[in-house]
Amino acid sequence: IYFTAPDGFIVALDAQTGKVRWETKAHDYKLKTEHSGGIIVADGRVVSNRTCETRQGCFLSAHDAKTGAEVWKFYYTAAKGEPGGDTWADMEDEKRVAASWGMPGSYDPVRKVVYWSIANPKPYTRLKRHNGNAEAVPKSSPAELYSNSTVAVDVTTGKLVWYYQHLPSDDWDADHIHERTLVRAPVKPDPKFVKWINPKFANGETRDMVLAVAEAGDVFALDRETGQFMWAMPFPYDIPDVNMSKIDVDTGKTYINWDKVFKKDKDRNTMCFHNTRSWWSTAYSPKNNAMYVPFHDSCLDMEAVNANPLGFGRRVGIVRPGIDKDKYTGIMRIDMTTGEMKRIHSQAAPGNGAALVTGGDLLFWGDINRRLRAFDPEDGKVLWEAVVGGMIMTSTISYAVDGKQYVMVFTGDGQSGTAGVIANSPGQKFVRGHSAIYTFALP
């Protein structure tokens, strides 16, 4: 059993006895670097991610699964003199910070490649990062690599195979972070549903894809071999306040929504979307080639304040103006061939639970109002529900023992992602400080 400890160590335990097999110091936690995501074990290597405050601590690392010896590091940001180094303008290397704090990446055992996400650059605003000059770096990708990107990394060497930047030089902590879902499916995005389509990938050919749904909205489909842009769509809705203005469909170059960027100190804007899917995992069903994404219909009210270390003053998540608050939370079903997005469930109570779809055609999801439900994955009809003792958080898992299947969730308190949605739910009461594991047996 491999465990990332808060003091910067990776620990390997004997699964039968609990004895320590090895422990290795992966980073110096005194540098404000933390293990804040998860790990995967791939091709005999334990690959881990972390959050960071200086470039020295901003990296993926791989350790030998048997011995704990470090095999390689991949830094999240490009230094001067490296490929992509000029995308940070004249910023000092150690100040080039972008973390990978979210869920672990994915592994392709055929290509021997891990696919990982990297989050926003820090401090949060362009003004703060570039001494008051919001135009120090381009309005289009590449800008401040490899922030808000998907990176494909060779699991043997740690070398970059390709990257794709989803949002150039983020201004709001928009976070194109979390898992990258690997899918093989026909690609035929329908212009009725999809805003940006690469014409090279619209003929229905079956391809290996990397799918990403950002914390701050947007759905992307990329070619797994090359990282080429296939198609993308604002998520959950296409409105003028979204953080990205356009994509060059031939090259995949992305453009930030310049109207929403802070041009001077004390500017204040509303940007969409914000923590809309956050740190719970999505689910994918190969039976119907659909992805299921629980989300909040929320935006960000933010002010630029250069005097503050992260570059902002007021910064709060808000319910998107004008929506029905009884439909603040939803589950979106996305057809990964056509790109059609269909909202199959709505409710007022927010959720921090992960989606789980099973081979028996059930979709499980839990909310912070203590409800765990099984839905019909086609139309969202609630087939079953149970009330647990506290707020359901992130990982929903299924497993089998002696041929009998179980579904497990846990309750507890989240941090900012939980506090924000509770603040957006006036009049609703939630049980705080309840930590437990709940297991249900399927018939």
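**Strand pairing and salt bridges in a predicted model**

A: Strand 6 (residues 59-64) and strand 7 run antiparallel and are joined by five bridges, where strands are DSSP runs of E with at least two residues, and helices DSSP runs of H or I with at least four, numbered from the N terminus. The model is predicted, so that local features need pLDDT of at least 70 and side-chain atom pairs count only at pLDDT 80 or more, while totals for chains, interfaces and linings use all residues. Residues are numbered from 1 along each chain as its sequence is written, and side-chain values use heavy atoms, with hydrogens and water left out.

Q: Which residue of strand 7 does H63 stand opposite?
A: H63 faces E70 in strand 7.

Q: In what order do the strands of the open sheet lie?
A: Two strands pair if DSSP finds at least two bridges between them. Here four strands form an open sheet in the order 4-5-6-7, with antiparallel pairing. Strand 4 (39-42) and strand 7 (70-75) each have a single partner strand and stand at the edges, so one side of each is left without a neighbour in the sheet. On average, neighbouring strands of this sheet are turned by 20° against each other, direction ignored; axes are lines fitted to C-alpha atoms, for helices over the stretch in contact, and angles run from 0 to 180 degrees between N-to-C directions.

Q: How many salt bridges does the structure hold?
A: A salt bridge is a side-chain nitrogen of Lys or Arg within 4 Å of a carboxyl oxygen of Asp or Glu. The structure holds 29 of them. In one, D108 is joined to R111, with the closest N and O atoms 2.7 Å apart.

Q: Is D108 buried or exposed?
A: Buried means under 20% relative accessible area, exposed over 50%, and partly exposed in between, with a 1.4 Å probe and protein chains only. D108, with a relative accessible area of 2%, is buried, whereas R111 is partly exposed at 26% relative accessibility.

Q: Where in the chain do D208 and R111 lie?
A: D208 and R111 meet in a salt bridge of 3.0 Å, N to O. This pair links distant parts of the chain, 97 residues apart, with D208 in strand 16 (residues 206-213) and R111 in the loop between strand 9 (106-108) and strand 10 (113-118). D208 counts as buried, at 15% relative accessibility.

Q: Which residues do salt bridges that share partners join into one network?
A: That network consists of D108, R111, R184, D208, R224 and E225.
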